[in-house]
Amino acid sequence: MDFNKAINIVYNDSSFSVETFKYLKEKLNELGYYVCDVFDYTAELVICIGGDGSFLRALHQYSFPDIPILGINTGHLGFLAEINPEEIDSFIERYVKGDYFIHNINPVEAVICTRNDCINSFGLNEIVIKGDKSRTIHLDISVDDQLIQRFSGDGILVSTSTGSTAYNYSIGGSIIDPRLNVLQVTPLAPINTNAYRSFTSSVVLPHDATIKVNPEYRFEDSIVIVSDGMEYRYSSITEISLKLSELNIKMLRLKDYEFWEKVIDKFL
Ligand code: NAP
Ligand code: MN
């Protein structure tokens, strides 16, 4: 088998995605590509058929593989996807000719420490730290070991530039041009009263910043951590440290990809 011609296709179970998979597989086979039955980490490409949610779940399921990845949108928004199903033929032509580039994206990484151990979690879009039981949470937030604020409210969202158009945008965060590799900390319903003071806008930090979040002791078990929409609960969290990971997500983009064109197309 020529491993350089192996391609992984991951698809969700909607009938449109299954149809799209069948069509794509046939086209690729005609050109001598091998479509893997089991996910192959030495393949040259991952194609994900579904919405942005399926794209994110595929990345998590296969532990952020070090292989170029492309989305075909059969979902609702498909902001992360590069093409629609009707563009498959022209995509394959352009792929064979090398008419694309790879955009390397660093996910955000959280090291979540409890009284017992530390666990890592990654997010291509974002990692959210929020209250689990509909109550206010109080978080001490430091940047590079300097205490910036004691936050009170629903929680905070730490977004990558890629995630800036997702949940971050819905809660009033800024859209970040992908040429900037930054972390954005956006508050979720921050409280500003005589009792508590929190920043009401996002804070944008450089790629090498480390954010430390220390929950107030008595509420530590009412925190939920949400990485790209997937929820995790840990008991007795003492500290959460967040930074841009050294992992690279290799997003395949066609040469004429234009971020702002996509924003206008999908959002306005
Ligand atoms: P979902 O509830 O279907 O996602 C909400 C919407 O966010 C979907 O329309 C999804 O696109 C879109 N989306 C995902 N990543 C995006 C990106 N980078 N830029 C622009 N839009 C994006 O849940 P899901 O499909 O499992 O996706 C998980 C993501 O949902 C999380 O990472 C979070 O960013 C987002 N989310 C948003 C809100 C909110 O805006 N209030 C609340 C919770 C979660 P598709 O339609 O193509 O799936
Ligand atoms: Mn979705």
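The model is predicted: local features need pLDDT of at least 70, side-chain atom pairs count only at pLDDT 80 or more, and totals for chains, interfaces and linings use all residues. Residues are numbered from 1 along each chain as its sequence is written, chains are lettered from A and ligands numbered from 1 in the order in which they are written, and side-chain values use heavy atoms, with hydrogens and water left out.

**Domains**

- The domain assignment of the chain gives domain 1 as 3-105 + 248-267 and domain 2 as 108-244; such bounds come from an automatic or database domain assignment.
- The C-alpha centres of domain 1 and domain 2 are 30 Å apart.
- Domain 1 puts 15 residues into the contact and domain 2 puts in 13 residues, where contact means heavy atoms within 4.5 Å.

**The interface**

- On the domain 1 side, Leu-56, His-60 and Phe-267 lose the most area to domain 2, together 36% of what that side buries.
- There are zero salt bridges between domain 1 and domain 2, a salt bridge being a side-chain nitrogen of Lys or Arg within 4 Å of a carboxyl oxygen of Asp or Glu.
- Two residue pairs are in polar contact across the interface, both at pLDDT 80 or more. A polar contact is a pair of N or O atoms within 3.5 Å; within protein, one must be able to donate a hydrogen and the other to accept it, and residues adjacent in sequence count only if both atoms are side-chain atoms.
- Helix H2 (52-61), strand S5 (100-105) and helix H5 (259-267) each give two or more residues to the side of domain 1 that touches domain 2. Helices (H or I, at least four residues) and strands (E, at least two) are DSSP runs, numbered from the N terminus.
- H2 gives the most to this side, with five residues.

**Ligand 1**

- Of the 19 residues around ligand 1, those that come nearest are Asp-52, Gly-78, Glu-126, Thr-165 and Ser-170; a residue is near if one of its heavy atoms lies within 4 Å.
- A polar backbone atom of Asp-52 is 2.8 Å from an oxygen atom of ligand 1.
- A polar side-chain atom of Glu-126 is 2.5 Å from an oxygen atom of ligand 1.

**Salt bridges**

- The count comes to 11 salt bridges.
- One of them joins Glu-109 and Lys-243, with the closest N and O atoms 3.7 Å apart.
- Glu-109 lies in strand S6 (residues 108-114) and Lys-243 in strand S16 (residues 237-244), so the pair ties together parts 134 residues apart in sequence.

Conventions: Buried area = accessible area lost by both parts, 1.4 Å probe.
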